[in-house]
Amino acid sequence: LLVTKSNCLMKKYPNLMCGLNTERLWLQLLEEGAAIISSTNRKLSAVEIGMFNAEQCAAAAKYGFDVHGVDASPLNFKRSTKTLAFYDSEVQDRVTLYEGAAAG
């Protein structure tokens with residue numbers, strides 16, 4: 001999701017600083033997803049393409065998402081695997097990492 005001034009989600013996220021704060025948007029999406037998971041017992045998934053270190057994958061897993069992380073770089077994939085090992089098993093069990101390019 002690319003947030004720019006022309007497509008800003010100000011009506012839904014009034015505290016969002018358009019074009020500047022994608023971290024805040026990510027957190028709001030995680031919180032909204034966690035509320036849906038909690039209130040409906042539905043499973044939600046998140047996909048991260050180009051993970052670098054899997055920190056965003058782990059964050060989504062902490063909020064209850066099933067997460068799929070993809071990175072074409074062997075170095076980034078190795079880094080992501082090591083990073084994920086520091087999290088508890090509940091987070092690790094929700095994350096699946098894939099080494100390779102994301103292609104259709």
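A contact here means heavy atoms within 4.5 Å.

**Figure 1. The whole chain, in a predicted model.** Counting contacts with a separation of 6 or more, 49% of those in the protein link residues 24 or more positions apart. The protein has 4 helices and 3 strands, and reading along the sequence gives you α-β-α-β-α-α-β. Of its 104 residues, 33% are buried.

**Figure 2. Arg79 over the ring of Phe52.** Here Arg79 lies over the face of Phe52, 4.2 Å from the ring centre. What about aromatic pairs? A search of the whole structure turns up 0 of them.

**Figure 3. Asp88 in the loop between helix 3 and helix 4.** Helix 3 covers 74-84 and helix 4 covers 89-94, with Asp88 sitting in the loop between the two. Is Asp88 buried, exposed or partly exposed? Its relative accessible area is 47%, so Asp88 counts as partly exposed, a class that runs between the 20% and 50% cut-offs.

**Figure 4. The side chain of Asp88 and two backbone nitrogens.** Zoom in on Asp88 and look for the backbone nitrogen of Glu90, which lies 3.1 Å from a polar atom of the Asp88 side chain. The backbone nitrogen of Val91 lies 3.0 Å from a polar atom of that side chain.

**Figure 5. Asp88 and Lys62.** How many residues apart in sequence are Asp88 and Lys62? They are 26 residues apart, and in space their C-alpha atoms are 9.6 Å apart.

Terms used. Residues numbered from 1 in each chain as written. Predicted model: local features only at pLDDT ≥ 70, side-chain atom pairs only at ≥ 80, totals over all residues. Heavy atoms only, no water. Buried < 20%, exposed > 50% of the residue type's maximum accessible area, 1.4 Å probe, protein only. Phe/Tyr/Trp six-rings, centres within 6.5 Å; stacked < 30°, edge-to-face > 60°. Lys NZ or Arg CZ within 6 Å of the ring centre and 35° of its normal. Polar contact = N/O pair within 3.5 Å; in protein donor to acceptor, adjacent residues only side chain to side chain.
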